[in-house]
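Subject: Structure handover

Hello,

Here is the structure we talked about. Please open it alongside this message; my notes follow below.

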Amino acid sequence: MDLLDRYLQAVKKHLPWHRQDDIIAELRANLEAQFEDKETGLGRPLTTGEAEDWLRQIGPPRQVAARYKLQQYLIGPVLFPTYWFVLRTAVFWVMIAYSVGVAVQVAVRTPSWAALLEGVLRVPEVLLTTAASVTLIFAVIEYIATRYPGRWPALATSSVDWTPSALPPAEKDSAQGEKPRSRAHAVAAVIMIFLCLVWLLLLPHHPYVLLGPGAAYLSASPFQGAPVWIQVYWCVVALTLFQIIWRCIALYHGRWQRQRTAERMVIAALGLIPLWLMLSIGDHAYITLKDPALDQLRYGGALDSINKSIHLSLLLLFAINVLQLLWGIGRRSLDCYRKRAAAMQ
Amino acid sequence: MTIAENLFENLRMELRRGCLTLAVLAQLRQEHYGYTLRKALADRSLEIDESTLYPLLRRLEVQGLLTSEWREEDKRNKRFYHLSRDGEQIFGQLLEEWQAINASINSIL
């Protein structure tokens, strides 16, 4: 019986302290009765080996004790779908917020690859902290819900509250000839735009990323960009950020299957702003001389030609964008008209 | 254990879980303490591990389906369990459900 005492002592160590004595007393009574039954059946006392085999069959003390616990899981099946949804959503939005934060920080301070690398290397830490925090919150909710079921009625009935009519409209199939995008494709697009944003933010302090070795010639050349380029630059940054946010919201709402006409039109309309800024500049001075008094005579003619070419290109680009926008509006209006006509028939 | 054996074992455990509760409730229409309950079920070819049965009795008592009392028998203190009034009602409902499922499966087979 010494072996049984040791076994029960080991089980006791893993039991909740306020129920230990009661459970062990009951388990002892049951196991002793079983032990005696076995000995009666054999007509002799159990050998140590037989007693060991019997206890091994009952199970390891920690496992036996665990069965007596009210909660044997961190997050139960009722709460798990909500937990999983919140976890994915939290990780997604925290990553977006963190990425934007890092990009802005890199741009505002002295931008460098080291700062960017530091931001990227901290991603696992941010992800783990977010996941751990969400898990901890849900584990606490589960713990309370298990012990005080009456106080958390909403958990059990939350799935009953949904209404089918509140579901988002069905995505259109490929009837219009456009292949639906996969989620991976949509996520990859967001990542690409984000990388574009990082590239843009590095540009002012690292022209090398745009011009390559030509950046050295730029600093040595007698030419410089007009102040309007700074306004245009920030317009493009804002437009890229806007696109990231738009795409993220679409991903969040599950509307990634096709790029919306509305998105195209809004981006095209907003894209006209930097072009308009450039075109509205007086005497088309997009490029100026660093030292006009010194270099006007030598480079003045070439500068005029360069500025005129830029102006012409911008004018052409503006016209193309306006036409694209008008084309989009026309198609959208036609679609709406057809739908309305079909609905009236 | 192969993947198929493991899968079968998991499904078997899942299938048994509800049935064991029903069997325990049925057997506890008569008073038993843990070990005699286990023997009574085993006599009807329903073997249950000690580490499954004894905690199950505790849970059913916490849920109000069983009542229990400590009493001395054969010079040893034992905890005797019996189906409570709520337990009888729920047992009746579960039994109907089980019979309906059984009948449905039999008709499918």
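Of the 345 residues in chain A, 12% are buried. Please keep in mind that this is a predicted model. The secondary structure of chain A comprises 14 helices and 2 strands. Now take the contacts in chain A that have a separation of 6 or more. Residues 24 or more positions apart make up 77% of them.

One helix of chain A got a length check. Helix α7 of chain A covers residues 123-147, which is 25 residues. The expected span counts 1.5 Å for one less than the number of residues, so α7 of chain A should reach 36 Å, and its end C-alpha atoms do lie 36 Å apart. The two values agree. Which residues are buried in this helix? In α7(A), they include Phe138(A), Glu142(A) and Ala145(A).

On to chain B. The mean pLDDT of chain B is 92, and 100% of its residues score at least 70. Within chain B, confidence is lowest in helix α1 (residues 3-27), with a mean of 90. Helix α4 (residues 85-108) of chain B has the highest, at 95.

Chain B also has an open sheet. Three strands build it, in the order β1-β3-β2, with antiparallel pairing. Which strands sit at the edges? They are β1 (32-33) and β2 (66-73) of chain B, and each pairs on one side only. Between β2(B) and β3(B), which run antiparallel, there are 8 bridges. Glu73(B) is found opposite Arg76(B), a residue of β3(B).

Next, the place where the chains meet. How many residues does each chain bring to the contact? Chain B gives 13 residues and chain A gives 14 residues. On the side of chain B that touches chain A, α2 (34-43), α3 (50-62) and β3 (76-83) of chain B each supply at least two residues. The largest share of that side, 6 residues, is from α3(B). Sorted by class, the side of chain B that touches chain A holds 4 nonpolar, 4 polar and 5 charged residues.

Last, the scores for the complex as a whole. The predictor gives an ipTM of 0.83. The pTM is 0.56.

Best wishes

Notes
Residues are numbered from 1 along each chain as its sequence is written. Chains are lettered from A and ligands numbered from 1 in the order in which they are written. This is a predicted model: local features need pLDDT of at least 70, side-chain atom pairs count only at pLDDT 80 or more; totals for chains, interfaces and linings use all residues. pLDDT is the predictor's confidence in each residue, from 0 to 100. Helices (H or I, at least four residues) and strands (E, at least two) are DSSP runs, numbered from the N terminus. Two residues are in contact if their C-beta atoms, placed from the backbone, lie within 7 Å. Ala, Val, Leu, Ile, Met, Phe, Trp, Tyr, Cys and Pro count as nonpolar, Asp, Glu, Lys and Arg as charged, and the others, Gly among them, as polar. Two strands pair if DSSP finds at least two bridges between them. A residue is buried if 20 or more other C-beta atoms lie within 10 Å of its own, exposed if 12 or fewer, and partly exposed in between; C-beta atoms are placed from the backbone.
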